[in-house]
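Trainee: I am new to this model, and I would like a close look at one part of it rather than a tour of the whole. Please go slowly and tie each detail to its surroundings.

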Amino acid sequence: MKPVTSLLASVKEHLVTLAKGNVVVANKISVGDRHVIPLCSVRFGFGAGGGSGEGEIHKMDEGSGQGMGAGAGVGLKVSPQAVIVVEGDQVRLENLVE
């Protein structure tokens with residue numbers, strides 16, 4: 001189970017880094033002297049489970065006396081919330097969510 005635990009910790013660390021990096025304030029998009037900077041919300045969920053066993057608790061496979069199990073899941077949602085529009089000397093915030 002140690003390799004699974006290590007892998008899940010690594011995935012979680014990468015997702016946290018991603019959320020802190022270039023997602024909340026994304027790279028600007030430029031056309032001529034107009035620049036748009038997207039502002040996004042980030043949500044993610046992370047879950048994992050595992051197991052092991054010995055004996056015949058459920059007797060699904062009689063005589064095996066062994067068990068093993070593992071599972072993991074992750075969900076990531078990035079939603080644009082607003083954009084900052086820069087045109088020449090003017091800057092405005094355009095809300096995308098009501």
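Among contacts in the protein between residues at least 6 apart in sequence, what percentage joins residues at least 24 apart? With that in hand, please take me through the salt bridges around Glu87.

Mentor: The share is 54%, counted among contacts between residues at least 6 apart in sequence, where a contact means heavy atoms within 4.5 Å. Please keep in mind that this is a predicted model, in which local features need pLDDT of at least 70 and side-chain atom pairs count only at pLDDT 80 or more, while totals for chains, interfaces and linings use all residues. Residues are numbered from 1 along each chain as its sequence is written, and side-chain values use heavy atoms, with hydrogens and water left out.

The protein has 1 helix and 4 strands, and from the N terminus the order of elements is α-β-β-β-β; helices (H or I, at least four residues) and strands (E, at least two) are DSSP runs, numbered from the N terminus. The 4 strands form an open sheet in the order E1-E2-E3-E4, with antiparallel pairing, two strands being paired if DSSP finds at least two bridges between them. E1 and strand E4 (90-95) stand at the edges, and because each has a single partner strand, one side of each has no neighbour in the sheet. From one strand to the next the twist averages 25°, with axes taken as lines fitted to C-alpha atoms (for helices, over the stretch in contact) and angles running from 0 to 180 degrees between N-to-C directions.

The pairings can then be followed across the sheet. Strand E1 (residues 29-31) is joined to E2 by 3 bridges, with Ser30 opposite His35 in E2, and in the hairpin between these two strands, where 2 residues separate them, Gly32 takes a positive phi near 60°. E2 and E3 are joined by 21 bridges, and here Arg43 faces Lys77 in E3. E3 and E4 are joined by 6 bridges and run antiparallel, with Ala82 standing opposite Asn95 in E4.

Now to the part you asked about. In general, side chains of opposite charge can pair when their charged atoms come close. A salt bridge is counted when a side-chain nitrogen of Lys or Arg lies within 4 Å of a carboxyl oxygen of Asp or Glu, and by this rule the protein has 3 salt bridges. One of them joins the side chains of Glu87 and Arg34, at 2.6 Å from N to O. That pair links distant parts of the chain, since Glu87 belongs to strand E3 and Arg34 to strand E2, 53 residues apart. Glu87 also forms a salt bridge with Arg92, whose closest N and O atoms are 2.5 Å apart, and Arg92 in turn meets Glu94 in a salt bridge of 2.6 Å, N to O.

For the protein, buried residues make up 12% of its 98 residues.

Made by Leu7, Val11, Phe44, Phe46, Val74, Leu76 and Val78, it covers about 570 Å²; patches are built from residues with over 30% relative accessible area and no salt bridge, like charges being joined within 9 Å and nonpolar side chains (Val, Leu, Ile, Met, Phe, Trp, Tyr) within 5 Å. Helix H1 (2-20), strand E2 (34-54) and strand E3 (66-87) each supply at least two of its residues, and E3 gives the largest share, 3 residues. Phe46, which lies in strand E2, counts as partly exposed at 33% relative accessibility. In total the protein exposes about 7600 Å², of which carbon and sulfur atoms supply 56%, with areas from the Shrake-Rupley method and a 1.4 Å probe.

Terms used: Buried means under 20% relative accessible area, exposed over 50%, partly exposed in between (1.4 Å probe, protein chains only).
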